[in-house]
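Please study the sequence and the structure before working through each solution.

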Amino acid sequence: HPVDSVKGIGKGIGELGGKIGGVFRKKEEGEKGDNFLSSTKRQLAKKLGVDVYSRNQMLQDKLDSMAKARMGGRGIVTVATFFVPVGLIASAVMTVSNINAAADQLVDDNDRLDLYKMNKKALLELGFPKEKVARLLNHPYYTPREVTYFRFYLEKLKRVEGFKALLDVAIVAVTEIPADKILHEAQIAADSVGDAPRAMKLLVIPEGIIFANEDKAALITAYDFLDNSLLGSQLTEKAISFRQSLGKRSAEIWNGGAVSSAFGGAVLIKGIKVQRMCLFEAASTTQEI
């Protein structure tokens with residue numbers, strides 16, 4: 001139809017023009033990295049089941065090579081596709097069991113610049129100061145996918161008292177290990193929150209996260225392996241200490257990785273239950289907290 005067919009074109013040109021204009025402005029560190037291969041590269045990575053933002057340089061080189069081969073002959077069509085913005089409100093479908101899946105969908109369907117803008121908007125709406133948001137978005141040890149994960153965890157935990165401390169710890173991480181540690185601990189906490197948190201409170205300590213409600217306290221840790229070692233003893237003492245100081249009837253340790261049977265038995269004698277492999281199994285057993 002000669003009239004209906006042009007409806008909305010003005011808005012579309014405005015969005016496209018805005019995105020093209022953004023290419024020529026100075027970008028933040030978290031926005032840099034995408035090029036004309038990015039859309040094809042994301043499609044390939046999704047098909048192969050790998051992370052397009054992986055830190056593995058060999059994987060990145062292979063994806064670049066495959067994207068160049070696939071893009072050959074597309075010319076200006078590829079350029080136009082790169083500039084067309086695509087939006088998806090993944091938060092609307094986020095549930096306890098698919099937080100990461102929803103974040104993955106958002107990452108796979110949007111380029112780095114769009115992710116930066118959406119994550120920035122979401123974090124500001126959570127009440128974080130602009131400077132702290134910028135530090136997370138430009139963090140040298142978090143990929144765009146990991147930043148998106150973190151944003152989703154914070155959205156899930158927003159009704160938990162003290163949740164903003166998670167961002168404070170993340171932005172000061174100076175190496176990959178502490179950065180990954182707080183990210184994984186935040187994931188365990190977010191996976192354990194139901195739709196209606198009951199007087200929940202969160203405290204960040206060097207060993208992990210203290211996660212408590214009116215009758216129970218859990219120490220969330222993201223260690224690969226826990227056994228009867230100095231670290232194991234330290235965590236047990238922390239769990240007992242916070243159970244007492246917070247006046248809770250019981251305490252647990254939720255670890256992201258494996259836990260030896262000997263350690264589990266030793267802490268059970270002291271009244272501490274252990275949940276293991278929290279980053280690899282469904283968190284349904286811990287939702288009651």
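**Exercise 1.** Determine how the side chains of Glu 146 and Arg 55 meet, and state the N to O distance.

*Solution.* Step 1: the two side chains form a salt bridge with an N to O distance of 2.7 Å; the term denotes a side-chain nitrogen of Lys or Arg within 4 Å of a carboxyl oxygen of Asp or Glu. Step 2: this pair connects distant parts of the chain, 91 residues apart, with Glu 146 in helix α8 (residues 144-156) and Arg 55 in the loop between α2 (38-48) and α3 (57-71). Helices (H or I, at least four residues) and strands (E, at least two) are DSSP runs, numbered from the N terminus. Step 3: Glu 146 counts as buried at 14% relative accessibility, whereas Arg 55 is partly exposed at 39%. Here buried means under 20% relative accessible area, exposed over 50%, and partly exposed in between (1.4 Å probe, protein chains only).

The model is predicted: local features need pLDDT of at least 70 and side-chain atom pairs count only at pLDDT 80 or more, while totals for chains, interfaces and linings use all residues. Residues are numbered from 1 along each chain as its sequence is written, and side-chain values use heavy atoms, with hydrogens and water left out.

**Exercise 2.** Locate Asp 215 and Arg 249, which meet in a salt bridge, and classify the accessibility of Asp 215 and of Arg 249.

*Solution.* Step 1: the N to O distance of this salt bridge is 3.0 Å. Step 2: Asp 215 lies in the loop between β2 (208-212) and β3 (216-221), and Arg 249 in the loop between α11 (230-245) and β5 (250-255), 34 residues apart. Step 3: Asp 215 is partly exposed, with a relative accessible area of 23%, and Arg 249 is exposed, with 69%.

**Exercise 3.** Are Lys 216 and Glu 252 buried or exposed?

*Solution.* Step 1: their side chains meet in a salt bridge at 3.5 Å, N to O. Step 2: Lys 216 belongs to strand β3 and Glu 252 to strand β5, 36 residues apart. Step 3: both residues are buried.

**Exercise 4.** Describe the setting of Lys 156 in helix α8.

*Solution.* Step 1: Lys 156 is buried, with a relative accessible area of 10%. Step 2: the C-alpha atoms of Lys 156 and Ala 190 are separated by 5.8 Å, although these residues are 34 residues apart along the chain.
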